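Open the model in a viewer and keep the sequence panel beside it. The stops below give a selection and then what is found there.

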Amino acid sequence: GHDVTLVGTPAIARDHRHFSPRQEYHRKLRTLTGVLQLCAWLPQVLAPHRNPIWLQFVFHKVLRLLTPYLDVLLACSLLWLIVTRVPWPVGYVVLAAVVLGTGVALLRSRQLREVLAGAILLQIAAAKALVNGLRRDWDVWRQ
């Protein structure tokens, strides 16, 4: 919680809301689509000389929308490196061990499954938001 003092009287505010994965997905979809809507409707935010927080905006908001595509690129690159650069039995054994170990860990831990599902949903929301932006589909309250 956050402690707030007003005229010498301490107040404590706590926010313990927990969103379901579906609610969190829709919330992220709306906010990420909103970033693109802002860029489309107010392109000055993308101009370094017009936006005093341009660097923070681009790195924290805009590039966030590329994360799912960069994740796929990274996974494909790692797979390609294992298959082409590591000697064949070793590479395949390492790959199998990683897949098997991940599977066992996911089977044993509900919390890990929930975290992974949340991370995947976040990437799907970012990808869908980019599609919304390219289509100029700003009506995200019904999606």
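This is a predicted model: local features need pLDDT of at least 70, side-chain atom pairs count only at pLDDT 80 or more; totals for chains, interfaces and linings use all residues.

**Stop 1: H1 and H2**

Select helix H1 (21–41) and helix H2 (54–62). How do the two axes lie? The axes of H1 and H2 cross at roughly 140° and come within 11 Å. H1 is therefore oblique to H2. To display the contact, pick Val 35, Leu 38 and Cys 39 on the H1 side, and Phe 57, Lys 61 and Val 62 on the H2 side. By class, five residues of this contact are nonpolar, one is charged and none is polar.

**Stop 2: the loop between H1 and H2**

Now select Asn 51, which sits in the loop joining H1 to H2. Is Asn 51 buried or exposed? Its relative accessible area is 10%, so Asn 51 counts as buried. Draw a distance from the Asn 51 side chain to the backbone nitrogen of Ile 53: the value is 3.0 Å. Next, show the surroundings of Asn 51, leaving out neighbours within four places in sequence; the contacts are Gln 44, Val 45 and Phe 57. Phe 57 also belongs to the H1–H2 contact of the previous stop.

**Stop 3: the cysteines**

Select Cys 39 and Cys 76. Cys 39, part of the contact of H1 with H2, is buried at 11% relative accessible area. Cys 76 is partly exposed, at 47% relative accessibility. How many disulfides does the model have? With a limit of 2.5 Å between cysteine sulfur atoms, the count is zero.

**Stop 4: H3 and H5**

Move to helix H3 (residues 67–85) and H5. Their axes cross at roughly 120° and come within 8 Å. The range for roughly perpendicular ends at 115 degrees, so H3 is classed as oblique to H5. Select Thr 67, Pro 68, Tyr 69 and Asp 71 in H3; they meet Gln 123, Ala 126, Ala 127 and Leu 130 in H5. The residues of this contact comprise five nonpolar, two polar and one charged.

**Stop 5: H4 and H5**

For the contact, select Ala 105, Leu 106, Leu 107 and Arg 108 from H4, together with Arg 110, Leu 112, Arg 113 and Leu 116 from H5. Five of these residues are nonpolar and three are charged, with no polar ones.

**Stop 6: Gly 101**

Stay on helix H4 and select Gly 101. This glycine is partly exposed, with a relative accessible area of 38%.

**Stop 7: after H5**

Finish with Arg 136, in the segment after H5. Most residues other than glycine have a negative phi. Arg 136 is also exposed, at 54% relative accessibility.

Note on methods:
Residues are numbered from 1 along each chain as its sequence is written. Side-chain values use heavy atoms; hydrogens and water are left out. Buried means under 20% relative accessible area, exposed over 50%, partly exposed in between (1.4 Å probe, protein chains only). Helices (H or I, at least four residues) and strands (E, at least two) are DSSP runs, numbered from the N terminus. A polar contact is a pair of N or O atoms within 3.5 Å; within protein, one must be able to donate a hydrogen and the other to accept it, and residues adjacent in sequence count only if both atoms are side-chain atoms. Contact means heavy atoms within 4.5 Å. Ala, Val, Leu, Ile, Met, Phe, Trp, Tyr, Cys and Pro count as nonpolar, Asp, Glu, Lys and Arg as charged, and the others, Gly among them, as polar. Axes are lines fitted to C-alpha atoms, for helices over the stretch in contact, and angles run from 0 to 180 degrees between N-to-C directions. Angles under 35 degrees count as roughly parallel, over 145 as roughly antiparallel, 65 to 115 as roughly perpendicular and the rest as oblique.
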